[in-house]
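Hi,

Here is the structure I promised to pass on. Have a look at it first, and my notes follow below.

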Amino acid sequence: MKNSWIKNSPICNKGLFDNNETAENSLPAITKAVDCGYNLFLNISMTKDGQLVVCDSKKSAMLLSSHKKIEHISSDDYENLKLLNTEDNVPLLNDVLKLVDGKVGIIFRIPAGKIYKKIITELSKQLAFYKGKTAIVATDYSMYYYIKKTKKDYPCGVILKKSSSKLIYNVILFANVNKFKLIKPDFIICDINNLPNKYLDDFLFHNPYAYIISRTIIDKQSYLTALDYSDNFIFENYIPSK
């Protein structure tokens with residue numbers, strides 16, 4: 001089946017970390033996940049000097065010991081790129097690709113904002129010679145169309161914003177499901193707390209080769225829900241049964 005790697009192993013969010021000895025998105029955290037055979041879900045950001053790094057730009061000021069946002073730091077400013085209280089730095093994407101080396105698949109999340117086109121263009125360059133399985137998830141429709149225009153045959157999905165209200169979430173889904181049918185994403189990442197969902201079932205009926213990936217699995221109950229209502233899941237700080 002097309003892009004079957006996306007569902008063949010649980011997807012680890014930011015690597016296996018505890019944010020004490022091992023920081024999220026660090027090379028040690030990613031190494032642990034790869035050694036366990038988990039696919040990876042990684043946030044991509046761009047530094048002040050235009051280098052791609054594996055880091056959540058929204059959370060970067062909280063994660064970095066310097067308390068600066070990643071876009072305000074140059075890639076060679078190692079002291080300000082320290083993660084939490086560890087000795088690990090925010091890793092360059094190129095170093096992560098060398099580490100993973102095709103052993104597992106990677107889904108990259110591109111941040112919304114003014115420079116997403118620049119990030120996608122640079123990501124495409126770095127992935128051009130990478131032999132492993134990779135995919136990109138878009139956070140809005142304009143980004144999705146740009147990704148498909150840039151990399152036409154590339155696996156690409158969409159991610160739904162989280163909502164504490166299932167009613168609001170269903171309203172969002174109802175408004176978007178016809179767009180899903182039109183753009184035909186390879187996968188949809190949705191909040192585990194809003195599954196099962198009849199609108200996603202309707203999308204799958206019209207697009208049987210697409211996948212539903214639930215997020216974020218943090219305990220046994222959400223794990224069991226994910227097994228029942230999604231093709232695969234993204235987990236964090238909870239080790240699922242294989």
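Helix α4 passes α5 in a right-handed crossing (the near helix is turned clockwise from the far one by less than a right angle). This is a predicted model, in which local features need pLDDT of at least 70 and side-chain atom pairs count only at pLDDT 80 or more, while totals for chains, interfaces and linings use all residues. Residues are numbered from 1 along each chain as its sequence is written, and side-chain values use heavy atoms, with hydrogens and water left out.

The two helices, α4 (residues 116–127) and α5 (residues 141–150), pack at an angle of about 30°, and their axes are 11 Å apart. That angle makes α4 roughly parallel to α5 (angles under 35 degrees count as such). On the α4 side the contact (heavy atoms within 4.5 Å) is made by Y116, K117, I120, T121 and S124, and on the α5 side by S142, M143, Y146, I147 and T150.

Now to the largest pocket, which holds about 770 Å³ of space. A pocket here is an open set of points on a 1 Å grid where a 1.4 Å probe fits, with protein on both sides within 12 Å along at least five of seven lines; lining residues have an atom within 4 Å of a point. There are 33 lining residues, and D56, S57, K58, R109 and P111 lie nearest the centre. Strands β2 (39–46) and β8 (211–217) each supply at least two residues of this lining, and β2 gives the largest share, with 5 residues.

Notes: Axes fitted to C-alpha atoms, helices over the stretch in contact; angles between N-to-C directions. Helix = DSSP H or I, 4+ residues; strand = E, 2+ residues; numbered from the N terminus. Parallel < 35°, antiparallel > 145°, perpendicular 65-115°, else oblique. Points joined across faces, edges and corners; volume = space filled by probe spheres on them.
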